[in-house]
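This briefing goes through one protein chain with its ligands, topic by topic. Please keep the sequence and the 3D view at hand while reading.

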Amino acid sequence: MDLIKTYNVCFIGRTGNGKTSLINGLWGTKYLTDPLVACTKELYSVTVLSPVGKKYEGVTIYDTPGIGEFSSDSVYERYYQHAVKKSDCVVLVSTFDRTDAPVQRFLNRIKDYTDKRKSVKFVVALNHIDSKIITDSDGKYEPWDNASNKPTEQCMRNIQERIGIIHQRFDGKFLPFDVVPVCAMRKYGLEELKSKILNTK
Ligand SMILES: Nc1nc2c(ncn2[C@@H]2O[C@H](COP(=O)(O)OP(=O)(O)OP(=O)(O)O)[C@@H](O)[C@H]2O)c(=O)[nH]1
Ligand SMILES: [Mg+2]
C-alpha cells in the first residue's frame with residue numbers, strides 16, 4: 001500500500017502551451033520553462049502534502065514533455081502512458097493556436113492508458129489568453145486589462161469562440177470536460193483551475 005495516499009494529476013499539451021508554468025503557479029514549484037524551445041524532456045513529478053477531500057492526504061502532479069513534437073512523440077509515449085495511468089485527473093493545456101490535430105490524435109489513444117479502476121476526470125486549461133496572436137484588421141487588439149488583471153471584453157469573446165472550437169474538436173474523443181481560461185504568466189484563473197482539478201467546487 002502507498003504510504004501517502006495521493007490524488008494524481010498529469011498535465012499534457014503541445015510544447016510551449018504552459019504546462020510547466022501552470023504547475024509552478026499552482027503548486028509553487030520552480031521547474032524550468034522556456035519561451036523558445038521545447039523545455040520539459042523528462043517526466044517530472046512532485047508530491048505535496050495537502051488534503052484533497054477526505055480520501056487523499058496529498059496530491060502528486062506530473063509534468064510531461066510536449067506532445068506532437070515530431071519523432072520525439074514515440075520517445076515520450078512511455079512517459080505519457082505512465083503519467084496517465086497513475087492519474088485521477090488529466091489536464092490538457094491548450095491555447096488560441098488552432099493546430100489541434102496532434103492533440104486530437106493523442107486524445108484518441110489515451111483512453112487506453114487510463115487506469116480503468118479510477119473514475120478519471122478531464123479538464124482543459126485554455127492558457128496564454130493574454131496572447132496578441134489574434135489581431136484585428138486595425139491591429140489594435142488589446143487582450144488584457146492591466147488595472148483589473150482580467151481579459152478585456154474583446155479577449156473574452158475570443159475565449160468563448162475558442163472554447164466552442166475546442167468542444168467541436170475534442171468532444172467525444174476522451175472524457176467530458178470543462179474549459180477553464182487561465183493565464184499562467186499573470187496568475188489569472190489559477191484558483192478556478194485548481195478547484196476544477198481537485199473537485200473542490
Ligand atoms: N504571455 C504568456 N506567456 C506564458 C503563459 N504561460 C506560459 N508562458 C510562457 O510560455 C513559455 C513556455 O511555457 P512552458 O511552461 O515552458 O511551456 P510547456 O508547455 O511546459 O512547454 P514544454 O515543456 O516544452 O512542453 C515560457 O516562456 C512561459 O513563461 C501565459 O499565460 N502568457
Ligand atoms: Mg514544460
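A residue is called exposed when its relative accessible area is over 50%, buried when it is under 20%, and partly exposed in between. The model described here is predicted. By that cut-off K187, with a relative accessible area of 57%, is exposed.

**Overall fold**
- The chain contains 5 helices and 8 strands, and the order of these elements from the N terminus is β-α-β-β-α-β-α-β-β-β-α-β-α.
- Its radius of gyration is 17 Å, close to the 17 Å that the globule rule gives for 201 residues, so the chain is as compact as a globular protein of that length.
- Along the principal axes, the C-alpha atoms occupy a box of roughly 60 × 35 × 30 Å.
- Of the 201 residues, 47% are buried.
- Among contacts with a separation of 6 or more, 69% join residues 24 or more positions apart.
- The accessible surface of the chain is about 10,900 Å², and carbon and sulfur atoms account for 51% of that area.

**Magnesium site**
- Which residues coordinate the magnesium ion (ligand 2)? T20 and T40 do, each through OG1, at 2.0 Å.
- These two residues come from distant parts of the chain, 20 residues apart: T20 belongs to helix α1 (residues 19-27), while T40 sits in the loop between α1 and β2 (44-52).
- Both T20 and T40 are buried.

**Helix α1**
- The helix that supplies T20 is mostly covered, with 7 of its 9 residues buried.
- The buried residues of α1 are K19, T20, L22, I23, N24, L26 and W27.
- An α-helix has 3.6 residues a turn, so residues three or four places apart point the same way.
- Cover for the buried residues of α1 comes from elements including β1, β2, β3 (56-63), β4 (89-94), β5 and α5.
- G28 follows α1 and has a positive phi, near 70°.

- H128 is not a glycine, yet its phi is positive, near 60°.
- Is H128 buried, partly exposed or exposed? Its relative accessible area is 33%, so H128 is partly exposed.
- D130, at 16% relative accessibility, counts as buried.
- Beyond its neighbours within four places in sequence, D130 is in contact with P143, W144, C183, M185 and R186.

**Loop between β8 and α5**
- K187 is located in the loop between β8 (178-181) and α5 (190-198).
- K187, another residue other than glycine, has a positive phi near 55°.

**Surface patch**
- L3, I4 and L49 make a nonpolar surface patch of about 350 Å².
- One of its members, L3, lies in the segment before β1 (6-13).
- L3 has a relative accessibility of 83% and therefore counts as exposed.

Technical notes: Residues numbered from 1 in each chain as written. Chains lettered and ligands numbered in written order. Predicted model: local features only at pLDDT ≥ 70, side-chain atom pairs only at ≥ 80, totals over all residues. Heavy atoms only, no water. Donors = N, O, S within 2.8 Å, 3.2 Å for Na, K, Ca; no water. Helix = DSSP H or I, 4+ residues; strand = E, 2+ residues; numbered from the N terminus. Buried < 20%, exposed > 50% of the residue type's maximum accessible area, 1.4 Å probe, protein only. Patch = residues over 30% accessible without salt bridge, like charges linked within 9 Å, V, L, I, M, F, W, Y side chains within 5 Å. Areas by Shrake-Rupley, 256 points an atom, 1.4 Å probe, with all protein chains shown as cover. Salt bridge = Lys/Arg side-chain N within 4 Å of Asp/Glu carboxyl O. Rg over C-alpha atoms; globule rule 2.2 N^0.38 Å. Contact = heavy atoms within 4.5 Å.
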